[in-house]
Amino acid sequence: MKSVGPMVRQAALQALLCLAAVMLAPSLACADSILEPVGPVGRGDAIILLDAVVIMLAIVVPTIMVTLAFAWWFRASNTRAVYRPNFTYSGRIELIVWSIPTLTIFLLGGVIWIGSHRLDPFEPLPSTAKPLEIDAVTFDWKWLFIYPEQRIASVNRLVVPVGRPLHFRITSASVFNVFFVPSFGSMIYAMNGMVSQLNLQADKPGKYLGLSAHFSGDGFSDMRFDPIAVPAAQFADWAAGVKGAPLDRAAVGVLLKQSRAVAPYTYRGVDPALFDAIASQKLPPGEGPQSGRGAPGTQNAMSRGRAP
Amino acid sequence: MLGKLTWDAIPFDQPIPLISGAVVILAALGVLVWVIAKGWLPYLWKEWITSVDHKHIGIMYVLLGLLMLVRGFIDAIMMRAQQALAFHAQGYLPPEHYDQVFSAHGTIMVLFAAMPLVIGIMNFVVPLQLGVRDVAFPTLNSVSFWLTATGALLVNMSLIVGEFARTGWLPYPPLSELRYSPGVGVDYYLWAVQISGVGTLLTGINFVTTILEMRAPGMTYFRMPMFCWTALASCLLILAAFPVLTATLAMLTLDRYLGFHFFTNEAGGNAMMFMNLIWAWGHPEVYILVLPAFGIYSEVISTFSGKPLFGYRSMVAATLFICIVSFCVWLHHFFTMGAGGDVNAVFGIATSIIAVGTGVKMYNWLFTMYGGRIRFTTPMLWSLGFMTTFITGGMTGVLLAVPPADFLLHNSMFLVAHFHHVIVGGVVFAVLAGITYWWPKAFGYRLEEFWGKAAFWFALAGFYVTFVPLYVVGILGMTRRLQHYDVAEWRPWLMISAAGILVLIAGAICQMVQLSVSFLRRNELRDTTGDPWDGRSLEWATASPPPVFNFAVLPQVQDAEAFWDVKRRAREMHGSGSEPHYEALEMPRNSSTGFVCAFFATIIGFALVWHIWWLMIVGLVGAYATFVVFAWRDVPEYVIPAEEVARLDRANRIARQEAPYGASAI
């Protein structure tokens with residue numbers, strides 16, 4: 001008898017895992033899925049997500065089945081079902097009814113507590129390699145990635161070395177956005193006047209999906225960027241070979257104007273104080289649109305504000 | 001003279017809003033002409049527009065909610081179609097228009113469809129279940145309704161005069177500040193929500209007072225039907241949460257109108273404060289909607305299982321538990337702003353704790369069915385659909401409350417799928433169950449079952465086909481509110497979702513056919529007893545539709561299931577006893593205060609949106625004058641003589657005595 005219990009439990013767990021896998025199978029097969037991460041952060045997030053799903057399915061699936069079973073068995077036309085019009089209270093059932101969700105939440109609470117601390121985006125990754133510093137700034141509607149150590153910057157393209165921790169400082173020069181590369185893992189807000197931090201790592205070379213996960217206005221759909229993970233040597237070559245105008249206050253002034261679907265380009269020579277000047281609002285914020293019905297000095301909102 | 005209002009406000013260059021706006025205006029004018037031609041205007045004015053009867057106000061709320069539900073649904077169809085088309089393309093809606101569509105969809109569905117539907121059912125049912133003649137402040141109730149209608153009118157007006165907000169249903173600054181949204185869209189949002197918010201707050205005050213102060217003799221708190229408990233919890237949440245909304249939007253208004261800097265990028269403004277405040281209202285708001293929905297399910301499941309609610313006290317405890325904890329969870333809307341491990345963990349755990357209360361309710365409904373004799377009527381089908389759907393929707397909600405999972409899913413289509421899962425599966429199903437369940441009480445005839453069941457099955461299937469694919473694209477990294485995209489993996493799922501909308505449209509059509517067919521066949525479906533379902537609470541103890549005074553003689557409550565108890569004793573005594581002693585009743589007089597107030601409120605809102613200052617002053621003076629006139633009226637009530645009360649009550653008493661006790665029509 002002793003060996004049966006764990007076996008049954010194991011079988012049940014396996015069945016649940018199968019069920020979860022079947023439900024999520026189509027998405028698992030695709031690139032850029034959050035369940036197909038290419039770095040330790042994404043893997044950590046995805047494992048916690050799947051753990052939480054399995055813990056909850058363990059009570060959700062039986063409850064749904066019992067609901068349908070009760071509804072069917074106690075149908076009015078079933079003469080074999082016993083009618084108990086006065087069955088309205090049972091201390092034992094009440095105890096179980098409060099216990100099942102409470103115990104589940106206890107278990108899940110532990111997962112939440114540990115996960116929130118271990119995967120806090122601000123916490124550095126446990127690695128011997130020195131992280132690559134990247135400062136990201138959102139404008140209307142493009143991403144600027146500054147590599148302060150390399151003194152280069154890139155618009156709408158994020159090139160990173162494989163296998164090395166990445167440390168992001170993120171702010172916004174206009175409205176809120178969210179930095180999100182589904183394959184890398186955790187996302188974080190880009191907010192004006194504030195600096196968020198994010199630690200990520202990519203373990204597999206490739207071109208991934210990068211986007212803003214917070215609506216930021218009419219050009220929001222084009223707030224896309226290309227995260228490209230390359231081997232360390234290739235990254236060094238790229239960084240050394242980047243060409244372009246210097247990124248100074250005048251160049252930022254151009255970025256502050258609204259534009260959409262900007263093709264990636266680069267800067268060489270970056271004013272090191274620039275990111276802090278934007279984050280501490282020493283530079284003026286993004287200009288905003290000059291359109292909108294009822295706005296001063298506009299005739300026709302619809303034909304304005306498009307990218308050239 | 002007209003502030004910012006010029007001919008440019010009319011979107012002559014955009015055929016979609018222009019044509020749809022013109023169609024709506026023509027339809028409204030057509031209805032008006034028809035009503036005048038038929039000579040129904042005096043009847044409408046006396047019996048409905050100026051009515052302070054909670055039953056009529058409730059029905060008008062539900063009508064407003066259903067109209068707005070259709071409007072919001074049309075927005076939803078437009079969005080699903082846009083995302084199905086906009087792969088490597090612009091689709092048919094430019095971003096400037098698409099952004100208005102999703103902002104209007106959210107605002108309308110939450111504040112002008114779901115809220116009026118839930119408050120409407122509360123209005124109609126709560127005083128009847130409590131066994132009283134009206135709410136505590138009948139005229140205030142009328143003011144509440146008409147202010148809500150004003151808000152809905154302003155939102156819809158923005159379709160053809162100007163534009164609506166392009167900032168989402170919650171106007172996050174700095175995007176909603178003047179610098180980034182210089183148009184009138186956000187102003188329309190602000191004034192529409194502020195004006196209707198006042199109406200909602202007044203409803204909260206009215207119903208808390210009614211439930212605490214005006215129950216039938218003998219109805220202690222623990223003898224109140226579950227729906228009254230959930231209505232009480234919901235209204236307490238309104239009292240606590242809506243002032244926060246009003247204050248938050250007032251600060252944004254000061255930023256936009258008077259150059260303040262609460263949430264701006266410059267001069268020390270802090271937009272984070274807005275997120276905190278708006279969600280301190282926003283999260284309780286979903287419980288304001290879903291708690292009365294739970295109440296509806298409790299009534300329906302108990303009635304059609306032929307049993308009292310299992311674990312009544314446990315259910316009350318779970319309701320109040322949810323009511324309180326819902327105020328401690330708002331931060332889960334922005335785990336990804338980087339509050340740190342401790343803060344995220346505390347709010348994550350608090351959020352999942354709410355699931356304990358909901359889980360308890362789920363098991364109590366389960367054991368209400370256990371040992372029952374379940375009749376699968378349309379309301380019961382909606383309830384079973386809810387029980388099986390809501391539990392997985394709750395599960396994805398708890399998933400989003402786990403911070404590391406939320407780091408992957410925040411603001412994604414997974415989130416969109418989650419909240420539609422719980423709001424459609426929880427609130428919309430409840431409202432449709434509630435309308436079908438209390439329809440015979442409101443109009444004296446049952447709704448036709450075939451089309452009702454067809455509507456249910458289409459809605460259930462359509463719901464899954466529409467929203468399960470959205471969970472999948474969320475897992476594939478798709479974020480919400482995208483006007484166009486170029487990721488090939490998303491496309492097939494968005495196409496399936498668009499197909500699901502077609503199934504939902506079929507459901508909506510069945511629902512409309514059900515209402516029409518039932519109206520045409522109303523004589524066959526007539527219920528003269530006032531108790532078509534073998535009901536258990538007091539609303540079934542009076543005629544359908546109830547007389548203006550609800551109960552000729554106030555019921556004496558001796559049990560938690562007041563009417564069931566009466567029926568049981570009557571069965572033992574073989575009859576309902578002798579005729580009671582009728583007395584003359586005083587009822588509140590109708591008042592046009594609500595309608596006139598709302599008329600001036602509309603003028604104030606419109607004038608503020610377009611900066612027409614003289615018109616705003618006219619509106620303010622008018623609204624204040626209306627209040628003064630109401631305050632100085634001499635005769636607030638009128639008397640219904642005892643003979644009239646007796647005449648209205650006797651017909652129903654006779655019909656009841658002829659019907660066999662305990663046997664239902666179905």
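## Helices α13 and α14 of chain B

In this predicted model, helix α13(B) meets helix α14(B) through B:Met413, B:Phe414, B:Leu415, B:Val416, B:Ala417, B:His420, B:His421, B:Val424, B:Gly425 and B:Thr436 on the α13(B) side, and through B:Gly452, B:Phe463, B:Phe467, B:Leu470, B:Tyr471, B:Val473, B:Gly474 and B:Ile475 on the α14(B) side. Sorted by class, the residues of this contact are 12 nonpolar and six polar, with no charged residues.

The two helices span residues 413–443 and residues 449–475 of chain B, and their axes come within 8 Å and cross at roughly 170°. Because angles over 145 degrees count as roughly antiparallel, α13(B) is roughly antiparallel to α14(B). The crossing in which α13(B) passes α14(B) is left-handed.

## The contact between chains A and B

Chain A gives 90 residues to the contact between the chains, and chain B gives 91 residues. On the side of chain A that touches chain B, the elements that give two or more residues are α1 (4–28), α2 (40–73), α3 (91–118) and β7 (185–190). The residues of that side divide by class into 55 nonpolar, 27 polar and eight charged.

A helix pair that reaches across the two chains is formed by α2(A) and helix α10 (residues 341–369) of chain B, whose axes come within 9 Å and cross at roughly 25°. Since angles under 35 degrees count as roughly parallel, α2(A) is roughly parallel to α10(B). Here too the handedness can be stated, for α2(A) passes α10(B) in a left-handed crossing. The residues that make the contact are A:Thr63, A:Val66, A:Thr67, A:Phe70 and A:Ala71 from α2(A), together with B:Met362, B:Leu366 and B:Met369 from α10(B). Six of the residues in this contact are nonpolar and two are polar, while no charged residues take part.

Chain A contains six helices and 12 strands, and 42% of its 308 residues count as buried. If one takes the contacts in chain A between residues at least 6 apart in sequence, 70% of them join residues at least 24 apart.

Six of the strands form an open sheet of mixed pairing, in the order β8-β5-β1-β2-β3-β12 (chain A). Its edge strands are β8 (196–200) and β12 (265–268) of chain A, each of which pairs on one side only, and the twist from one strand to the next averages 20°.

## The β6–β7 hairpin

Strand β6 (residues 177–181) of chain A and β7(A) run antiparallel and are joined by four bridges; the two strands form a hairpin with three residues between them. In this pairing, A:Val178 has A:Tyr189 of β7(A) as its bridge partner.

Strand β7(A) is among the elements that give two or more residues to the side of chain A that touches chain B. Six of the six residues of β7(A) are buried, so this strand is largely enclosed by the rest of the structure.

## Backbone features in loops

Two cis peptide bonds deserve a check in the coordinates. The bond from A:Asp140 to A:Trp141 is cis, with omega near -10°, and A:Trp141 is placed in the loop between β1 (132–139) and β2 (142–147) of chain A. In chain B, the peptide bond from B:Ser544 to B:Pro545 is cis, with omega near -15°, and B:Pro545 is placed in the loop between α15 (491–520) and α16 (562–572).

Positive phi values occur at two arginines. A:Arg151, although not a glycine, has a positive phi of about 55°, and this residue is found in the loop between β2 and β3 (152–155) of chain A. B:Arg481, also not a glycine, has a positive phi of about 70° and lies in the loop between α14 and α15 of chain B. The threshold explains the two labels, because a residue is buried if 20 or more other C-beta atoms lie within 10 Å of its own.

Notes:
Residues are numbered from 1 along each chain as its sequence is written. Chains are lettered from A and ligands numbered from 1 in the order in which they are written. This is a predicted model: local features need pLDDT of at least 70, side-chain atom pairs count only at pLDDT 80 or more; totals for chains, interfaces and linings use all residues. Two residues are in contact if their C-beta atoms, placed from the backbone, lie within 7 Å. Ala, Val, Leu, Ile, Met, Phe, Trp, Tyr, Cys and Pro count as nonpolar, Asp, Glu, Lys and Arg as charged, and the others, Gly among them, as polar. Axes are lines fitted to C-alpha atoms, for helices over the stretch in contact, and angles run from 0 to 180 degrees between N-to-C directions. Angles under 35 degrees count as roughly parallel, over 145 as roughly antiparallel, 65 to 115 as roughly perpendicular and the rest as oblique. A crossing is left-handed if the near helix is turned anticlockwise from the far one by less than a right angle, and right-handed if clockwise. A residue is buried if 20 or more other C-beta atoms lie within 10 Å of its own, exposed if 12 or fewer, and partly exposed in between; C-beta atoms are placed from the backbone. Two strands pair if DSSP finds at least two bridges between them.
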